[in-house]
Amino acid sequence: MEKTTVSENLWRVWVDTRRRIVSFHEEEGCQLLEFRSREMFLSCVDQYTCKQYRYQ
């Protein structure tokens, strides 16, 4: 029996709540958040935007 692997999209952001920064690349001192749903990822980004986080 052959196994089929489904490739999932994975969205990642790194968050530094002390400096109020969201990064789209790995950043030292930041917490990694991973999302398997595009909708959840966009919702998270929107929430940090409402809190006036800076993006890099």
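How exposed is R12, buried or partly exposed? I looked this up before anything else, keeping in mind that the model is predicted. R12 has a relative accessibility of 40%, so I noted it as partly exposed.

**Entry: salt bridges**

I searched the whole structure for salt bridges and got two. Side chains of opposite charge can pair when their charged atoms come close.

I checked where the two partners sit: R12 is in strand β1 (residues 11-16), and E34 is in strand β3 (residues 31-35). They are 22 residues apart, and the pair links distant parts of the chain. I also looked up E34, which comes out at 41% relative accessibility and counts as partly exposed.

My other salt bridge joins the side chains of D16 and R19, at 2.6 Å from N to O. Which of its partners is buried? It is D16, because its relative accessibility is 6% and the cut-off for buried is under 20%. R19, with 38%, is partly exposed.

**Entry: the sheet**

Next I traced the strands. I found an open sheet of four strands, in the order β3-β1-β2-β4, and the pairing is mixed. Which strands stand at the edges? They are β3 and β4 (54-55); each has a single partner strand, so one side of each has no neighbour in the sheet.

Strands of a sheet pair through backbone hydrogen bonds, either parallel or antiparallel. I looked at β4 and strand β2 (residues 21-23), which pair in the parallel sense over two bridges. On β4, I wrote down R54 as the bridge partner of I21.

**Entry: aromatic rings**

Then I went through the rings and counted five aromatic pairs. Why does the pair F24 and Y55 count as stacked? Their planes are at 15 degrees, with the ring centres 5.8 Å apart, and the cut-off for stacked is under 30 degrees. F24 lies in the loop between β2 and β3 while Y55 is in strand β4, so this pair ties together parts that are 31 residues apart in sequence. Both came up as partly exposed: F24 has 44% relative accessibility, and Y55 has 29%.

I also looked at F35 and F41, an edge-to-face pair with 6.0 Å centre to centre and 65 degrees between the planes. F35 is buried, with a relative accessible area of 13%, and F41 is buried too, at 11%.

Note on methods
Residues are numbered from 1 along each chain as its sequence is written. This is a predicted model: local features need pLDDT of at least 70, side-chain atom pairs count only at pLDDT 80 or more; totals for chains, interfaces and linings use all residues. Side-chain values use heavy atoms; hydrogens and water are left out. A salt bridge is a side-chain nitrogen of Lys or Arg within 4 Å of a carboxyl oxygen of Asp or Glu. Buried means under 20% relative accessible area, exposed over 50%, partly exposed in between (1.4 Å probe, protein chains only). Two strands pair if DSSP finds at least two bridges between them. Rings of Phe, Tyr and Trp (its six-membered ring) pair if their centres lie within 6.5 Å; planes under 30 degrees apart count as stacked, over 60 as edge-to-face and the rest as tilted.
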